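Subject: Structure handover

Hello,

I am passing this structure on to you, with notes on what was found in it. Please look through it before reading the rest.

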Amino acid sequence: MEVFWSAFVDSIKLLFGGDAALYEIIGLSLRVSGISLVLAMCIGVPLGYVIGSRRFPGRGLVVAIVNTGMGLPPVVVGLTVYMLLSRSGPIWDLYLTLMGQEMPRVLYTVPAMIVAQVIISSPLVTGVTLAAVASVPAELRLQARSLGASKLQEAILTVKEARRGIMAAVAAGFGGIISEVGAVNMVGGNIAGKTRVMTTAIQLETGQGNFGLALALGLILIGISFVIMNGFTRVQQSGGRYER
Amino acid sequence: MNASAHRCGGAPIITGEDIIVRYHRRTVVDVPRFQLCDGETHAILGPSGSGKSTLLRVLGLLERPTRGRITLDGRAVTAGDKGARMMMAAVFQNPYLFKGTVSENVAYGLRLRGVPKSERDDRVAAVLERVGLGGTQRQSALRLSGGEAQRVALARALVLEPRILLLDEPLSYLDPLIKRRLVQDFSRILSADGVTALYVTHDQDEAMVVADRVSIINDGAVIRTGGVDEVMTLPTSPWVADFIGMDAALSGTILESVEGIAEVLVGEERVFARTDLPPGTDVLVGIRPEDVMLFEAWAETPVSSARNQLLMRVESIEHMGSTDRVSLHSNGMRIASSISRAASRELDLTVGAEVRAFFKATSVWVQSAAGVPSGV
Amino acid sequence: MIDRLRDKAIWRFGVVFLAFALVFSLAGCAAEEPAEEPAAEEPVAEEPIETTDLILASTTSTQDSGLFDVLIPAFEEAHPEYKVNVIAVGTGEALELGQNKDADVLLVHAKAKEEAFVADGYGTERRDVMYNDFIIVGPPADPAGIKGGTVADALKKISDSGATFISRGDDSGTHTAEKALWEKSAIKPAGAWYNSAGKGMGDVLTMASEMGGYTLTDRATYLNMKNDLQLEILCEGDTVLFNQYGVIPVTDATNMEGAQAFADWIVSDEAQTIIGEYGVEKFGAPLFFPNAQ
C-alpha cells in the first residue's frame, strides 16, 4: 500500500512542481486528444446520424462494421498507419510519382498521432452516436418534417433530442484517445519534447523500472481524465428538467 | 350536409393521381384518384393496416410514393418541395413533443419559417389559448398529460396557420374521457376556422363528428368516398357495411313523390323517405339502427311523427355493450334497430317474435343507385 | 410507450443471452467430466517430470536477436525440470523486476548497474556470459560523413552537422552505453537533431530508417532487421563499442534452484558453443561472442 500512497504524494508534487517537461507532455496529450476528438466528432456524429436514422440496404452490415471498428486494436491501427506513412509505404510512392519530389515526413510527428487517434476514436463516436440516434423515434423526424423542417434541420433536432447519448459518444471517443498508448507510441515514436504524451511517458518509465514515477504519471492522467469527463457529464445532464 | 357533398365543395387543393406505394414488393396503397377540397375536413377511415396513414404521408408530401402524381393548387409537387410542405402541418397519433418547453415546441415551425421572436411569442400565446392551454408556455413539454400533450401537438401545427392540416389518428392513444372532450375540441377548431384538413382514423364515430367528407379505405384502395352521412348510412358493399356496423344498403325504386317526401318500394314494403329524386329512380336506401324505435306488435299506434310504421319479425338479437342490436325483416326488407338494453328487456324480444318498427322519413337515406360502385 | 417496449425487448434478449451462456458453460463442464475419468484410469506411460516455472528477465534486444529461440530449448532439454518464461523488457525494468523478486534470473547488459545490483544484495552473483558489439548505423548517403572514422570522431561530426540522431532514451543497456560514449567525447547531446525516443532497439532502428537518421545499435538486432531498413553500418570495430552480457540469479528468488541451474548452464561449454554458433548460418557471422570464464 505504501507504494501507492507515495505514488499519490509524488503525483501531487510532480503536478505542482513546475517541471516544464511534464507540463509539455500534459499539454501535448491534451492537444493531440482535443484535436483528434474534434475531428472524430466531425466524422462520427454525421456518420452515426445517417446510419442511425436511415433505412437502406446493407445497413446491418454497415452497423456490424462500425461495431467492429469500436473494438479495433490500437496497435493494429498504429501498425497500419505506420505502414501507410512509411518511406517504403504506398503514400510515399504515390506522392513521389505525383509531385516528383519526396514527401515531407509525417511519421513520428504530431499529425501522424492525430491520424491514428482519429481512426481509433471515430468508430467509437460513430457507434455510440448511431445507437443514440436510433433510439430517437423516426416519427419525431417525420413530425419535424411535417412542420417544415429540411433534412439538415431534422438532423439538428435529432441530435438535440439524442444529446445525452451523443455526449456519451464524445466521452467514449475521448476515453479511447486519452488512454491510448499502442498506436501513438508506434506512429509518434515517443520522442522527448516532440511526440511524447502521458501514456507513452508512463510506458517508458515502466520500461525503465521507475514504477513509482510511472504510477504517479498515471494518477495525473487519471486526474486529468476525471476533470474532463466530469465536464462532459455536467453538459450531458444539464437541462434535465426537460428530459423524458 | 348536402346531397352533393361527395363531390368537391370548394376547389381541390390537393389531388393525388395513380398513387401506388409498395413496401418490399407489397402494395400498400393503390389509389387512382384522391381529392382534398378547400375548406373541408376529409376523413380517411379504415381498419389498421389499410394504408390510410401511408396515403396521408404521401398526400402530405412526407413520403414519396412508388409511383403517382400529386398536384397542389394545380401545380405538380413532390416531397422535396419545401415551399409546398411549408403550407401543411401534421399531428400524429403520438404527440412526439420535442425536449424543451411547451413554448419551444409550439414555436418550432415558426422558428423554421424565420418568424421574429416577439411575433412568435404572441402567436404561441394565442394558439395555446385556443387549444385550452393558456399560460403553459414555460412548462416542460415532456411532463404534460396525454391529453395536454396532444393539444400542444395540435397547437404546434395550428400556430403555423397551415393551408392544410394533416391529422393521423390524433386521438387514438388517449383514454375515452379525454378522447370525448378532445374530439369535440378538434371538431370545433376544424370547422370554425374553415381549415382544410385530412383526418386519418379507424374510428367511425370520430370521423362522423369531425368530417365533412369520408373516404373509406381497405387494403390500400379507396372503396367509397362521399359526404359523411351518405357514406355512413348507405354502405354499398358488405365489407363497408360490416366495417361501419350496418347492414348493406337496400335497393329500391321511387314510386311517387309529394313535396319532397317519396314513397319507395323496398322488396314488397313501402317506405317514406325525404328526397328530391324523381319517381322511377332506382335508389339505395339506408336507415341507421339508432333511428329505428321498436314497440310491441299489439301496441296501439303511439303518437309519433314517424312516417314509417312497419310490423316486422325479429331475425336475431346481438348484445353490443350498452345497446342491443335487433335485426328485423318483413316482406323482403331487412333493417336493424339499436335499442337500449333496458328497452330490449322490457319488450322481451325473442327471435321470431313480431315487433312494430318506427322511423322518420328524414331518417331514411336515399341515394340514386346510378354511378355508385357496387359489390366492392 | 414504444421505448418501453424496446427496453423490454433488450432485457428479454439479455436474459435469453445469459441463459444460453449458462447452459453452454454447464454443458461445457458436463462434457469435460467424462473426458477426465478414462485419463485417470489409464496407466501412466512415462514417469511425469514435475516442472517448475523459471522466470528469466532479459532485454528486448536479446529477445529480438532470436538467440533465445535456440538457447531456451537447449536448456530445457538439459534440465527438463524447468520451464523457462522469458520476460523481455528494458535493462532498467529487468533489474527492477529482479529487485521485486518477480524474476528468478536476469540476463542483461549494463555491467556497472549489474555490479551495483549484486553489491546491494539483490543478486547472488554476476558472471560474464558473452558480448556483442555496438555499431553506429545511418543513411547510406551519410550526410554527416562519419564513415570509417572512430566513434569519437563520428559523434562529433553528427552533433556538429546537426544530422538527425535517434537515441533509445529508455535507460536500456544500449542507451547507457550511448550516454557513456557521448560523455567520453565530451559532447552534451541536445537540440532538435537529437531525438530521445524512449523505445526498444527494433523500433528505434525503424525510426532511424524512416527519419534518415543515425543511431547506436547492437549488431545482432541490426543484422536481424537489415533487410527492412535503409541503414548501413558506418562505424564499427572500436573497442569502446563492446557490450558485455551478464547473468545474475536473484537473491531469495521464487525458483532459486532453477535460477542457479540456468546461470551455471549458460556459462557451460555446451551453452557457450551454441551462443558462438548462433547467427553464422543466417548472417554469415556470429552475433554474440561467448566469453564466460
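Please keep in mind that the model is predicted. T200(A) counts as buried because 28 other C-beta atoms lie within 10 Å, and the cut-off for buried is 20 or more. Leaving out residues up to four places away in sequence, T200(A) touches V181(A), V184(A), N185(A), G188(A) and N190(A), and also G198(C) from chain C. S150(A) is 50 residues from T200(A) in sequence, and their C-alpha atoms are 46 Å apart in space.

Next, the nonpolar cores. The largest has 85 residues. Those with the most contacts inside it are V81(A), A112(A), A116(A), V125(A) and V187(A), together with I136(C) and A208(C). Helix α6 of chain A, residues 110-134, gives the most to this core, with 14 residues. Not counting residues up to four places away in sequence, V81(A) touches A112(A), V115(A), A116(A), I119(A), A183(A) and V187(A). Another core, of 83 residues, lies apart from the largest one; L62(B), L128(B), L182(B) and V228(B) are among its residues.

Helix α6(A) also packs against α2(A). Two packed helices are described by the angle between their axes and the distance between the axes. For α2(A) and α6(A), the axes come within 6 Å and cross at roughly 35°. Their crossing is right-handed. By class, this contact has 19 nonpolar and 10 polar residues, and no charged residues.

Now the contact of chain A with chain B. Chain A puts 19 residues into it and chain B puts in 24. On the chain A side, α7 (138-146) and α8 (151-161) each supply at least two residues. The largest share of that side, six residues, comes from α7(A). Sorted by class, the chain A side has seven nonpolar, five polar and seven charged residues.

Which residues of α7(A) are buried? They are R141(A), Q143(A), A144(A), R145(A) and S146(A). Their cover draws on both chains: it includes α2 (20-53) and α8 of chain A, as well as β6 (88-91) and β7 (164-168) of chain B. After α7(A) comes G148(A), which has a positive phi, near 110°.

Chain A also meets chain C. Here 19 residues of chain A are in contact with 18 residues of chain C. On the chain C side, α4 (91-99), β6 (194-196) and α8 (201-211) each supply at least two residues. α4(C) gives the most to that side, with four residues. The chain C side is made up of six nonpolar, six polar and six charged residues.

Last, the domains of chain B. The domain assignment gives domain 1 as 12-243 and domain 2 as 250-368. Taken over C-alpha atoms, the centres of these two domains of chain B are 37 Å apart. Where they touch, domain 1 of chain B provides five residues and domain 2 of chain B provides five residues. The domain 1 side of that contact has one nonpolar, two polar and two charged residues.

Regards

Notes: Residues numbered from 1 in each chain as written. Chains lettered and ligands numbered in written order. Predicted model: local features only at pLDDT ≥ 70, side-chain atom pairs only at ≥ 80, totals over all residues. Core = buried A, V, L, I, M, F, W, Y, C linked by C-beta atoms within 7 Å. Buried ≥ 20, exposed ≤ 12 C-beta atoms within 10 Å, placed from the backbone. Contact = placed C-beta atoms within 7 Å. Domains from an automatic or database assignment. Nonpolar A, V, L, I, M, F, W, Y, C, P; charged D, E, K, R; others polar. Axes fitted to C-alpha atoms, helices over the stretch in contact; angles between N-to-C directions. Left-handed = near helix turned anticlockwise from the far one by under 90°.
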